[in-house]
Amino acid sequence: MKERPGIIAFNVGKEKLLMLILLMNFFIVSAQKNKIDSAIALLKVEKNDTSKLNLLFTLSRHLTNTDPDTAVILCNQALDLSEKLKKSADKNLVLAGKKGEANALNYLGICFRIKGNSAKALEYFLHAIKIDEETDNKKGMAIRFGNIGIVYKNQGNYPLALDYYQKALKIEEELGNKSDVARHLSNLSVLYRTMGNYPLSLTFINRSLKIYEEIKDVRGQAACFGNLGIMFREQGDFPKALDYNFKALKIDEALNNKSNVAKHYGNLGNIYVDLGNAEKALQYYSGAKKIDEEMGNKWGVEMELGSIGNVYSDLKNYTKAKENYLKAIELAEELGDKSGVARHLGNLGMVYLQLNENSKALDCHLKALKIDEGLGNSEDVAMHYGNLGALYLKMGKYNEAEIYLKKAVRIEEGNGILNHLLASENALFQLYETTGKFKLALFHFKKTVAINDSIFSEESKKQLLQKEMNFTFEKKEAVANAEHKKEMESQSRIADEKSRKQNVIMLSVVSCLLLVIGFAFFIFRSLRITRKQKKLIERQKYEVEKQKDLVEEKQKEILDSIYYARRIQRALITSELYIEKNIKKLTKNNFT
């Protein structure tokens, strides 16, 4: 069993940046939608052909991963516009037309690669390169070389993929484009990982990481986490594999990157297969298949068919397993995916083994081995060696079984492929136990136990549970956010349906606004006059009050003077009572 096609890694930032990135994702998605809406609106009114061409490329770039069919239509419009520019008398416009044609062909190639039409994709990329050579567009050539490398990698043609990746890297290094250098280094890392060369894969991804950290590029975070998840899964480190895949899934779901969401689903399905959780594996594989079918991604559908076949095989539903494997082989042959054909043949051979159809099983495994030996895919070669060893063991051909199983162990130990090594060591234990070589049987039994403990230690189980619980909780939050986002989008669609009435509504609003402004001016003017009158009245009232105070003060002064004079008068004039008293006293004295 094997993972889905590797995700192209662009960047891995420090883990501590993840939360910041996730907080920004909502705004990134909104910004992307706004860019698309703005480009569509500008495209309707833009008169300049060169500007129209750039707007078409902006739309194509945003839609290739989410709606490749619409992107194809836009690219064809760009081709028509490029042809028009090429007929211009202006040399600059002619050059713009040629470069526009090359870019349109490039985007068409990407769309058809995503849709699974490798032959058409290569045709467009190679045509674009001819134009790049004519216009001496080295940057364009590097882009096309990288895209061709992806096509050959998906087809399992690793030598050609390596050749084109290295061509692209060389040009970008000469141009000094750090971001693109990092991207091609990541592509090489994925290629070497797919070929089972983990040490070299890590070397390239570390070089890529260093550059991305220098330029602070976070666009490729999810893809990089996905790649690391695949690598750790293949090396049997399932806690780290789950951790990186959940991180990748979380980011790409927020970015609405459907293509990568499907890949992460597939990668998570692979992990749960290794963990023996068939129900969850089937859930993720089915989700990935649904997305890829909606997008017309035949490559993805092929991989999911094979993966679903694996799950049914684990569930011992061999009829369903065989059905899915045969469909996967047919689609892989249609796509020219040699590696896929070999992989599905190997898995079909395992089904025939369980059904005791040994001759059919042997035929499938030998065909698969021949294909992968030709491709130089050491990991898959080791897997076929292990499958042939197990088959010969069942058939009682112990010498052949020992030869193939030892070959498998040699490669798996060298590359650190623990999950496959576990199966091969267990088969050797069974072989030596069956043949009575108990000392060797005990040796390989101990190795089997040690590998198993390493992969499925108690600490690993705890970490796995924690990762899953964290993701489940975060998923619930994401669902709530998604529902809110869905509601907002629904409201946006309603607003869009009324867009044709916007001019009338806008005119009405402006008219009403003018009336309101006029009325407000009138009110303001009236208030201003009223305020002036009020101030005048208050001023007059103040003067009156002031005069009143003066009068009252004068009146008080007069009254005080009167009262003072009266007191003086009373002080100077003898009182009648006093005079009467003295008269009586004198009269009395006289008579005595």
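**Reading the core and the surface**

Modeller: Start with one side chain; this is a predicted model. Beyond its neighbours within four places in sequence, Leu108 is in contact with Val72, Cys75, Asn76, Leu79 and Tyr124.

Biologist: Which residues have the most contacts inside the largest nonpolar core?

Modeller: The general idea comes first. In soluble globular proteins, nonpolar side chains tend to be buried together. Here the largest nonpolar core has 125 residues. Leu108, Phe145, Ile148, Leu188, Leu191, Tyr265 and Leu268 have the most contacts inside it.

Biologist: Which helix gives the most to this core?

Modeller: Helix H4, residues 91-114, with nine residues. There is also a second, separate core of six residues. Among them are Trp299, Val301, Leu305 and Leu331.

Biologist: How many helices and strands does the protein chain have?

Modeller: It has 24 helices and zero strands. Of its 592 residues, 44% count as buried. Now take contacts with a separation of 6 or more: residues 24 or more positions apart account for 62% of them.

Biologist: And the surface? Which residues make the nonpolar patch?

Modeller: Leu442, Phe445 and Val449 make a nonpolar surface patch of about 240 Å². Val449 lies in helix H21, residues 438-455.

Biologist: Why does Val449 count as partly exposed?

Modeller: Because its relative accessibility is 34%. The partly exposed class runs between the buried cut-off, under 20%, and the exposed one, over 50%.

How values were computed. Residues are numbered from 1 along each chain as its sequence is written. This is a predicted model: local features need pLDDT of at least 70, side-chain atom pairs count only at pLDDT 80 or more; totals for chains, interfaces and linings use all residues. Side-chain values use heavy atoms; hydrogens and water are left out. Patches are made of residues with over 30% relative accessible area and no salt bridge: like charges are joined within 9 Å, nonpolar side chains (Val, Leu, Ile, Met, Phe, Trp, Tyr) within 5 Å. Accessible areas come from the Shrake-Rupley method with a 1.4 Å probe; for residues, only the protein chains shown count as cover. A salt bridge is a side-chain nitrogen of Lys or Arg within 4 Å of a carboxyl oxygen of Asp or Glu. Helices (H or I, at least four residues) and strands (E, at least two) are DSSP runs, numbered from the N terminus. Buried means under 20% relative accessible area, exposed over 50%, partly exposed in between (1.4 Å probe, protein chains only). Contact means heavy atoms within 4.5 Å. A nonpolar core is a set of buried Ala, Val, Leu, Ile, Met, Phe, Trp, Tyr and Cys residues joined through side-chain atoms within 4.5 Å.
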